[in-house]
Amino acid sequence: MPAAETPSVLIVGTGFGGIGMAIELKRAGLGNIVVLEKGDDIGGVWRENTYPGAGCDIPSPYYSFSFEQNPLWPMRFSLRADIQAYLKGAADKYGVTPHIRFNTEVTTAAFDEDRRLWRVETSTGAVYEARVFIPAVGQLSRPALPSIAGRDSFAGHAFHSAQWDHDYDLTGKRVAVIGTGASAIQFVPQIQPAVGRLTLFQRSAPYIAPKPDQVYRRWQHTLYRKVPQAQLTERAFFWGLCEFATVGLKGNPAITKIVDWLALAMRAKQIKDPALRAKLTPDYPAGCKRVLFASNYYPALARPNVHVETGSITEITPAGVRTADGVEHDVDAIIYATGFATTEFLGPMKVHGLSGRDLRDAWSTGARAYLGMTVPDFPNMFLMYGPNTNLGCGSIIYMLERQARYIRQAVQRLGTGLSYVDVRQEVADRFDEEVQRRLARSVWSRCGSWYRDASGRIATNWPGLVSEYHRRTKTVDMADYWVTR
Ligand code: NAP
């Protein structure tokens with residue numbers, strides 16, 4: 001039996017995935033870790049998305065590490081600064097921060113078969129080597145600008161919601177917002193009172209349900225501190241609610257109908273103008289695109305300085321945005337709330353596995369990974385928040401913790417004399433067929449959304465309940481892997 005060793009691990013990214021993974025390894029005594037971060041701070045999407053009103057639409061007791069409950073969340077649905085501070089606090093508490101190398105973006109990662117190491121090149125010129133390579137770069141880290149004709153000809157000021165220009169004063173300006181997803185519905189109510197005129201370009205109307213937000217009172221903070229079970233009960237409630245909702249999203253319209261009613265009732269209550277209400281009524285099944293939660297969005301749209309434009313955009317001109325009816329909407333600024341390159345996963349990073357195989361070739365017909373984590377021919381590489389691990393309802397942190405647990409077990413096995421593990425092609429293929437078969441029955445197959453890639457394949461979402469993911473990732477089954485000693 002070879003002597004036990006601590007395999008070296010290289011993690012990419014300091015969002016909840018990368019930090020959660022590093023904490024899991026540290027807690028297991030596996031401290032041979034380097035974490036590379038392209039930015040200058042911890043936080044992932046919570047560092048990047050600084051638009052006004054940015055926050056989480058999953059309640060904080062659930063959107064937090066299970067082992068690190070925070071009794072002092074200011075609100076049920078926390079804002080980005082509080083979430084980022086929480087994550088930084090967890091990284092400090094568990095001794096992860098000293099392992100991070102900031103301002104270091106991975107350009108290329110290649111598996112060296114002879115030395116059985118991942119060799120990782122970075123933007124700084126520094127090269128890192130490690131036995132285990134864990135990209136934790138998320139699904140929502142690269143802003144996507146729409147390919148609309150004339151986009152670069154606009155003479156005013158333009159930026160993406162994930163790259164908010166805080167130096168540009170919107171006060172009194174004529175502003176176009178393109179997109180009505182989770183980001184837009186959070187910042188539109190914040191900027192509406194300040195701007196002169198807001199034209200909101202809506203390609204499809206989102207389902208919006210009331211957000212049961214609450215500022216936690218002092219007595220609640222005291223209760224959560226003294227009786228942690230009280231906060232865990234709130235966590236369990238939202239976990240259960242999302243599991244119930246997911247039964248609907250998996251293909252039970254009787255359940256998603258509830259969302260339909262909630263959204264309908266809110267529109268009826270908050271939008272008195274029947275023409276505007278008609279514009280804001282979705283024309284696809286509830287849950288197909290992400291259901292959004294906001295109680296202040298519709299009231300902002302009903303204000304006199306807001307116009308909701310549903311005509312399709314044909315062109316961006318130097319003066320503004322032209323729609324199919326020929327109207328040119330003159331504006332001073334355009335804010336693109338057009339989402340992220342969600343289905344490219346590792347994005348611009350070049351990744352090469354056994355025999356130099358390029359990950360882009362392996363994914364030429366769509367990104368896929370066994371349990372969202374391992375890809376045949378890419379040994380000792382484990383993805384966090386990889387393909388088919390996103391949720392229609394639920395906390396991604398719950399999924400990330402399951403992935404961290406699974407990967408930590410694999411790292412421990414590698415410390416017992418194994419050289420590398422490589423998921424068997426037939427195991428990965430069988431898993432992918434099952435996932436796609438089940439997703440075809442889900443509500444997500446019934447409209448276009450960021451869950452699907454250009455071919456229509458649902459590349460992002462997990463097809464089941466989170467409890468199923470918990471069960472299936474609880475223990476690494478070495479029979480699923482080729483093992484090299
Ligand atoms: P998104 O949900 O992908 O929304 C993009 C919007 O842009 C959609 O309304 C889309 O219309 C529109 N769009 C895209 N290309 C367009 C074009 N060429 N012309 C006109 N409209 C166009 O992006 P997001 O709002 O940034 O949110 C992305 C994800 O980030 C969310 O779903 C969520 O998972 C996450 N997020 C979470 C929170 C949170 O509270 N947890 C907050 C913000 C973001 P169509 O719908 O017609 O495609």
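Trainee: Which strand and which helix each supply at least two residues of the lining of the second largest pocket?

Mentor: The model is predicted, and the second largest pocket holds about 340 Å³ of space. The closest to its centre of the 19 lining residues are Thr-343, Glu-344, Arg-360, Trp-363 and Ala-367. Among the secondary-structure elements, those that each give at least two lining residues are strand E18 (350-352) and helix H10 (359-362).

Trainee: How do the residues of the lining of the second largest pocket divide into nonpolar, polar and charged?

Mentor: The lining of this pocket consists of 19 residues. Sorted by class, they give 8 nonpolar, 6 polar and 5 charged.

Trainee: Turning to the ligand, which helix gives the most to the shell around it?

Mentor: The ligand is surrounded by 22 residues, and the closest are Asp-57, Thr-180, Ala-182, Ser-183 and Ser-204. The top contribution to this shell is 3 residues, and it comes from helix H4 (residues 182-191).

Trainee: How many residues of the shell around the ligand are charged?

Mentor: The shell comprises 22 residues. Of these, 9 are nonpolar and 9 are polar, and the number that are charged is 4.

Trainee: What percentage of the area that the ligand exposes when taken alone does the protein bury?

Mentor: Oxygen atoms of the ligand lie 2.8 Å from a polar backbone atom of Asp-57 and 2.9 Å from a polar backbone atom of Thr-180. A side chain takes part as well, with a polar atom of Lys-289 placed 3.1 Å from an oxygen atom of the ligand. Taken alone, the ligand exposes 910 Å², and the share buried by the protein is 84%.

Trainee: Which cysteine does a disulfide join to Cys-242, and how many residues apart are the two?

Mentor: A disulfide is a covalent bond between the sulfur atoms of two cysteines. The count here comes to 2 disulfides, and one of them has an S to S distance of 2.1 Å and joins Cys-242 to Cys-393. This link is left-handed, with -60° about the S-S bond. Cys-242 sits in helix H6 (residues 228-249), and its partner in the loop between H10 and helix H11 (396-414), 151 residues apart, is Cys-393.

Key: Residues are numbered from 1 along each chain as its sequence is written. This is a predicted model: local features need pLDDT of at least 70, side-chain atom pairs count only at pLDDT 80 or more; totals for chains, interfaces and linings use all residues. Side-chain values use heavy atoms; hydrogens and water are left out. A residue is near a molecule or strand if one of its heavy atoms lies within 4 Å of it. A polar contact is a pair of N or O atoms within 3.5 Å; within protein, one must be able to donate a hydrogen and the other to accept it, and residues adjacent in sequence count only if both atoms are side-chain atoms. Accessible areas come from the Shrake-Rupley method with a 1.4 Å probe; for residues, only the protein chains shown count as cover. Helices (H or I, at least four residues) and strands (E, at least two) are DSSP runs, numbered from the N terminus. Ala, Val, Leu, Ile, Met, Phe, Trp, Tyr, Cys and Pro count as nonpolar, Asp, Glu, Lys and Arg as charged, and the others, Gly among them, as polar. On a 1 Å grid over the protein atoms alone, a cavity is a set of points where a 1.4 Å probe fits but cannot get out, and a pocket is an open set with protein on both sides within 12 Å along at least five of seven lines; lining residues have an atom within 4 Å of a point. Grid points are joined across faces, edges and corners, and a volume is the space filled by probe spheres set on the points. A disulfide is a pair of cysteine sulfur atoms within 2.5 Å.
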